[in-house]
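This report looks at a few sites in one protein chain, and at what surrounds them.

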Amino acid sequence: MEIKFLKTKEGTAMVQMGDAIAVERCVQHLNNIPIGNDGKIQIAFSKQNFLSEVTNPYTLPDHTPSFKEYTGSKNNRFLSLTQASKNRIQPPSKILHFFNTPPGLTDEQLIAAFSSNDCHPSQVRMFPLKSERSSSGLVEFPSVALAVQAIMKCNHTAIDHKGTKFPFIMKLCFSSSKTMNGAWNNENIENMKQAGSAVPTTPGAEDEPMQAR
């Protein structure tokens, strides 16, 4: 995956995905999606087959380079077919699933991680710990536009944890659940399955949010 911002067209970028299917997914799920309070992203197919490497990229207003290659990034969740098969593609929603956060993380600490990037959740729910290695849960925003902005600003935020040498890298994805209660009930059902308990049938229950980019 490569991203190249165009110097001659401010606010315009070209993105090279791994294959044509990934490009179609981007257009299907992200075209005309609102961002923040007054933004919108528009995505269209390019006539170019690939992006040429930029040896001397210019600096963007946020001090990042105008060209970057992410194929080998450790945060890329599609590095292999095995990793890609674990991802469930979801369209943007106002509820985000967060994971790979420190065990014992509090609501206040999570909200602070978002607030430091000027993103303000309206509701947070922590899932019961499945292990002592990390925590996960849901965070809701007032609108889809603000949730999209939160993913753009806060995905892969480093969160320090006492007793560990390196910080936890928080990962975010859109949830398949439409309500916090629905997602909470699905997580409890999943925990009961793993524990071997009887699971009541819930007509119309939504899937548990999965890792999706």
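Arg-77 is buried, with a relative accessible area of 7%, where buried means under 20% relative accessible area, exposed over 50% and partly exposed in between, for a 1.4 Å probe and protein chains only. The model is a predicted one, in which local features need pLDDT of at least 70 and side-chain atom pairs count only at pLDDT 80 or more, whereas totals for chains, interfaces and linings use all residues. Residues are numbered from 1 along each chain as its sequence is written, and side-chain values use heavy atoms, with hydrogens and water left out.

Arg-77 is placed in the loop between β5 (67-69) and α2 (81-85); helices (H or I, at least four residues) and strands (E, at least two) are DSSP runs, numbered from the N terminus. The table gives two distances that involve its side chain.

| Atom of Arg-77 | Partner | Distance |
|---|---|---|
| Side chain, polar contact | Asn-155 side chain | 3.3 Å |

Helix α4 (residues 144-154) is mostly covered, with eight of its 11 residues buried, among them Leu-146, Val-148, Ile-151 and Cys-154. The cover over these buried residues includes β3 (33-35), β6 (95-101), α3 (107-115) and β11 (171-174), and just after α4, His-156 takes a positive phi of about 70°.

Notes: Contact means heavy atoms within 4.5 Å. A polar contact is a pair of N or O atoms within 3.5 Å; within protein, one must be able to donate a hydrogen and the other to accept it, and residues adjacent in sequence count only if both atoms are side-chain atoms.
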